[in-house]
Amino acid sequence: MPGTLVWVLVGFNVDEAHNIVKECIDGVLGGEDYNQNNINQWTASIVEQSLTHLVKLGKAYKYIVTCAVVQRSAYGFHTASSCFWDTTSDGTCTVRWENRTMNCIVNVFAIAIVL
């Protein structure tokens, strides 16, 4: 399909994905303080909402969304990822969010579906 080919060549829109994920994190964690008992629910909600909104964009991508929430401490929090793929069509987005009691890192990996 010509429309699909043109769209795939444009590539993954990092800004669009970043805004979607940031809104999801704000909706789940905004106004909350770190509570170990809520971590599973929070992380599940963030990845599910992010994935739902990304899929609603109707773009030809497979998405992988990961989320980590940790209590803020003097030790810091470090993460890294690496991908081997087609940089002209696939993409990744990392959103870092924090408040006074916790840090959240969400990674989105988008792999183009070539039809």
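In this predicted model, three strands form an open sheet in the order S1-S3-S2, and their pairing is antiparallel. S1 and S2 are the edge strands, each pairing on one side only. From one strand to the next, the twist averages 10°. Strands of a sheet pair through backbone hydrogen bonds, in either a parallel or an antiparallel manner.

The two pairings may now be taken in turn. S1 and S3 run antiparallel and are joined by 11 bridges; within this pairing, Gln-71 has Met-102 of S3 as its bridge partner. S2 (residues 91–98) and S3 (residues 102–112) also run antiparallel, with eight bridges between them. Here Thr-94 has Asn-107 of S3 as its bridge partner. S2 and S3 form a hairpin, with three residues between the two strands.

Strand S2 also illustrates a general principle. In a regular strand, side chains alternate between the two faces of the sheet. Along S2, Gly-91, Cys-93, Val-95 and Trp-97 point to one face and are buried.

H2 touches S1, S2 and S3, and its direction makes about 30° with that of S2. H3 touches S1 and S3, and its direction makes about 155° with that of S1.

These helices also meet each other. The axes of H2 and H3 (residues 39–56) come within 9 Å and cross at roughly 145°, and the crossing is right-handed. On the side of H2, the contact is made by Ala-17, Ile-20, Val-21, Cys-24, Ile-25, Val-28 and Leu-29. H3 contributes Trp-42, Ser-45, Ile-46, Gln-49, Ser-50, His-53 and Leu-54. Of the residues in this contact, 10 are nonpolar, four are polar and none is charged.

Aromatic rings provide a further link within the chain. The count of aromatic pairs comes to three. One of them joins Phe-12 and Tyr-61, whose ring centres are 5.8 Å apart, with 75° between the planes. The pair is classed as edge-to-face because the angle between its planes is over 60 degrees. This pair links distant parts of the chain: Phe-12 lies in the loop between helix H1 (2–10) and helix H2 (14–29), whereas Tyr-61 belongs to strand S1 (residues 61–71), and the two are 49 residues apart. Both Phe-12 and Tyr-61 are buried. Together with Tyr-63, they form one aromatic cluster.

Technical notes:
Residues numbered from 1 in each chain as written. Predicted model: local features only at pLDDT ≥ 70, side-chain atom pairs only at ≥ 80, totals over all residues. Heavy atoms only, no water. Phe/Tyr/Trp six-rings, centres within 6.5 Å; stacked < 30°, edge-to-face > 60°. Helix = DSSP H or I, 4+ residues; strand = E, 2+ residues; numbered from the N terminus. Buried < 20%, exposed > 50% of the residue type's maximum accessible area, 1.4 Å probe, protein only. Pairing = 2+ DSSP bridges. Axes fitted to C-alpha atoms, helices over the stretch in contact; angles between N-to-C directions. Left-handed = near helix turned anticlockwise from the far one by under 90°. Contact = heavy atoms within 4.5 Å. Nonpolar A, V, L, I, M, F, W, Y, C, P; charged D, E, K, R; others polar.
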